[in-house]
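Please find below my notes on the model.

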Amino acid sequence: MEDLGNCWKDLGVLLGLSQALIGNIEEDHNSNRERTRALLWTWIDKEGTAATMGRLADCLRKIQKNNIVHKLIAGMLWIVT
């Protein structure tokens with residue numbers, strides 16, 4: 001996933017992760033790219049089958065990351081063709 005910069009925290013909040021959990025991710029990982037990856041895996045582990053691409057896309061749109069949504073959709077289209 002493209003680097004979200006500091007927006008990874010905002011994404012975490014929108015995905016329903018606690019501030020404490022977001023703080024732990026920040027402390028445990030050095031780069032925002034690593035933090036984003038850890039955040040997404042944490043969300044998937046927490047939500048299970050409710051962690052959908054649609055929910056992720058909606059949250060990314062809310063933090064003005066439409067370019068990432070477009071890349072995710074393009075990647076999914078490549079997989080199914």
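1. Helices here are DSSP runs of H or I with at least four residues, numbered from the N terminus. The model is a predicted one. On that numbering, Lys65 sits in the loop between helix 4 and helix 5. Its relative accessible area is 18%, and since buried means under 20%, Lys65 counts as buried. Apart from neighbours within four places in sequence, Lys65 is in contact with Leu4, Cys7 and Leu60.

2. The largest nonpolar core comprises 19 residues. Leu11, Leu15, Leu39, Trp43 and Leu60 have the most contacts inside it. At least two residues of this core come from each of helix 1 (7-14), helix 2 (19-28), helix 3 (32-47), helix 4 (53-62) and helix 5 (66-80). In soluble globular proteins, nonpolar side chains tend to be buried together.

3. Leu15 deserves a separate look. With neighbours within four places in sequence set aside, Leu15 is in contact with Leu39, Leu40, Trp43, Arg55, Leu56 and Cys59.

4. Helix 3 has 16 residues and spans 22 Å from its first C-alpha to its last, close to the 22 Å expected at 1.5 Å a residue. Its buried residues are Asn32, Arg35, Thr36, Ala38, Leu39, Leu40 and Trp43. These buried residues pack against helix 1, helix 2 and helix 4. Gly48, with a positive phi near 65°, follows helix 3.

5. How many salt bridges does the structure hold? There are four. One of them joins the side chains of Glu26 and Lys9, at 3.0 Å from N to O. Because Glu26 belongs to helix 2 and Lys9 to helix 1, this pair ties together parts 17 residues apart in sequence. Glu26 is partly exposed at 30% relative accessibility, and Lys9 is partly exposed at 31%.

6. Glu47 takes part in two of the pairs to check: a salt bridge with Lys46, where the closest N and O atoms are 3.0 Å apart, and a salt bridge with Arg55, where they are 3.3 Å apart. Through shared partners, salt bridges join Lys46, Glu47 and Arg55 into one network. Relative accessibility is 47% for Lys46, 23% for Glu47 and 29% for Arg55; Lys46, Glu47 and Arg55 each count as partly exposed.

7. On the surface, a nonpolar patch is formed by Met53, Ile73, Met76 and Leu77, with about 340 Å² of accessible area together. Helix 5 gives the most to this patch, with three residues. Leu77 lies in helix 5.

Definitions and conventions. Residues are numbered from 1 along each chain as its sequence is written. This is a predicted model: local features need pLDDT of at least 70, side-chain atom pairs count only at pLDDT 80 or more; totals for chains, interfaces and linings use all residues. Side-chain values use heavy atoms; hydrogens and water are left out. A nonpolar core is a set of buried Ala, Val, Leu, Ile, Met, Phe, Trp, Tyr and Cys residues joined through side-chain atoms within 4.5 Å. Buried means under 20% relative accessible area, exposed over 50%, partly exposed in between (1.4 Å probe, protein chains only). Contact means heavy atoms within 4.5 Å. The expected span of a helix is 1.5 Å times one less than its number of residues. Patches are made of residues with over 30% relative accessible area and no salt bridge: like charges are joined within 9 Å, nonpolar side chains (Val, Leu, Ile, Met, Phe, Trp, Tyr) within 5 Å. Accessible areas come from the Shrake-Rupley method with a 1.4 Å probe; for residues, only the protein chains shown count as cover.
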